[in-house]
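Let's go through this one in question-and-answer form. Have the coordinates open in your viewer and follow along.

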Amino acid sequence: MKIIGAVLALVATAPGVTTQVAMRNVNFYVRPNAALRIRNLRGEMRSLRGGPIIFDDKNSFVIRISNAEVGLNGTDLSNLLNDVVFAYPGAPLKRLKIHTSGTQLVQSGVMHKIVDLPFEISSEVSATPDGLIRLHPVKTRIFGIGVEGVMRAFGLSLQRILDLRKAKGVSVRGNDLYMDPVKLLPAPAFEGKLTRVRVDGDQLVQTFGARGSATNLRVPDSRAPAYMYYKGGALKFGKLLMLDAEMQIVSLHPTGSFGFDLDRYRQQLVAGYSKTLADSGLEVFMASVETLGKSKLAKVP
């Protein structure tokens, strides 16, 4: 017992060792009503306090993206803007709703300027050299009336109309809105540079880094259509502490995607099971978060 205690103390005080991470087709929930639709991701995780990465404290670690392709649908983005970015008293924008139209992102809601003004802005999207998402308006309507000509005639711009100094991860310059794709997210913290953005169907798809910019991990169960894989470092979740970690999480009922939520992962674990691999790693069969409460506990085969 003394040896085990000494090991735990050493891990808790040692400088953080990074854990490599790979994800494919994961709906990574950052709020109960908003997920990052991770098509693929390679990167690493590290503790912000030293010691193991603690799944039960999402404020204690950061996920650094080397390369990834991540989507946000209209509902995800709407909820992030309403519940995180503009969730402060006196916010100039509220009741925001986002959807896509062709290659454009369409924002509607209420603009507060002395009185509430219903608006709709259709924007072209692009990535800036410093890794921001640029929304360039091509059509602006207030009270259902196009106002581009009036704004030009009176020398008005969104920058003069909107005070976004308190907004988290969003700024305005001229008529263009800029979103920082990592700063507008709640915990856990993400790091990474956006290199491309596009509208694909009902999603705003963001590309980070470049393919091949991170070490390719050999995933134990490469046939899994959706998974999260962690390799190296130390991981702690619940009462389990993994040293020199190796863990692959796959969907209990494989479909096209797998929903994961750090706030509800214990329920996902309880509904599934795990098995030890030949090299002492773990493969965890976890219930997708969207199915919680809809299925009974799994039987271990």
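Before we start: helices (H or I, at least four residues) and strands (E, at least two) are DSSP runs, numbered from the N terminus. Keep in mind that this is a predicted model.

Q: In which strand is Arg 95 found?
A: Strands here are DSSP runs counted from the N terminus. The run holding Arg 95 covers residues 93-101, and that is strand β5.

Q: Is Arg 95 buried or exposed?
A: The cut-off for exposed is over 50% relative accessible area. Arg 95 has 54%, so Arg 95 counts as exposed.

Q: What is phi of Arg 95 near?
A: Most residues other than glycine have a negative phi. Arg 95 isn't a glycine, yet its phi is positive, near 50 degrees.

Q: Where is Asp 244 found, and what is its relative accessibility?
A: Asp 244 is another non-glycine residue with a positive phi, near 50 degrees. You'll find Asp 244 in the loop between β17 and β18 (246-251). Asp 244 counts as exposed, with a relative accessibility of 63%.

Q: How many helices and strands does the protein chain have?
A: Counting DSSP runs, the protein chain has 5 helices and 21 strands.

Q: Over how many bridges do β1 and β2 pair?
A: β1 (residues 19-31) and β2 (residues 34-47) form a hairpin with 2 residues between them. The sense is antiparallel, and the pairing runs over 11 bridges.

Q: In which sense do β1 and β19 pair, parallel or antiparallel?
A: β1 also pairs with β15 (residues 227-231) in the antiparallel sense over 5 bridges, where Val 21 stands opposite Tyr 230. With β19 (residues 258-261) there are 4 bridges, and Val 26 has Phe 258 as its bridge partner. The sense between β1 and β19 is parallel.

Q: Is Leu 185 buried or exposed?
A: Leu 185 is in the loop between β11 (176-179) and β12 (189-191). Beyond its neighbours within four places in sequence, Leu 185 is in contact with Leu 36, Leu 80, Lys 168 and Phe 190. The cut-off for buried is under 20% relative accessible area. Leu 185 has 9%, so Leu 185 is buried.

Q: What is omega for the bond between Ala 187 and Pro 188?
A: Most peptide bonds are trans. Pro 188 is found in the loop between β11 and β12. The bond joining Ala 187 and Pro 188 is cis, with omega at about 5 degrees.

Terms used. Residues are numbered from 1 along each chain as its sequence is written. This is a predicted model: local features need pLDDT of at least 70, side-chain atom pairs count only at pLDDT 80 or more; totals for chains, interfaces and linings use all residues. Side-chain values use heavy atoms; hydrogens and water are left out. Two strands pair if DSSP finds at least two bridges between them. Buried means under 20% relative accessible area, exposed over 50%, partly exposed in between (1.4 Å probe, protein chains only). Contact means heavy atoms within 4.5 Å.
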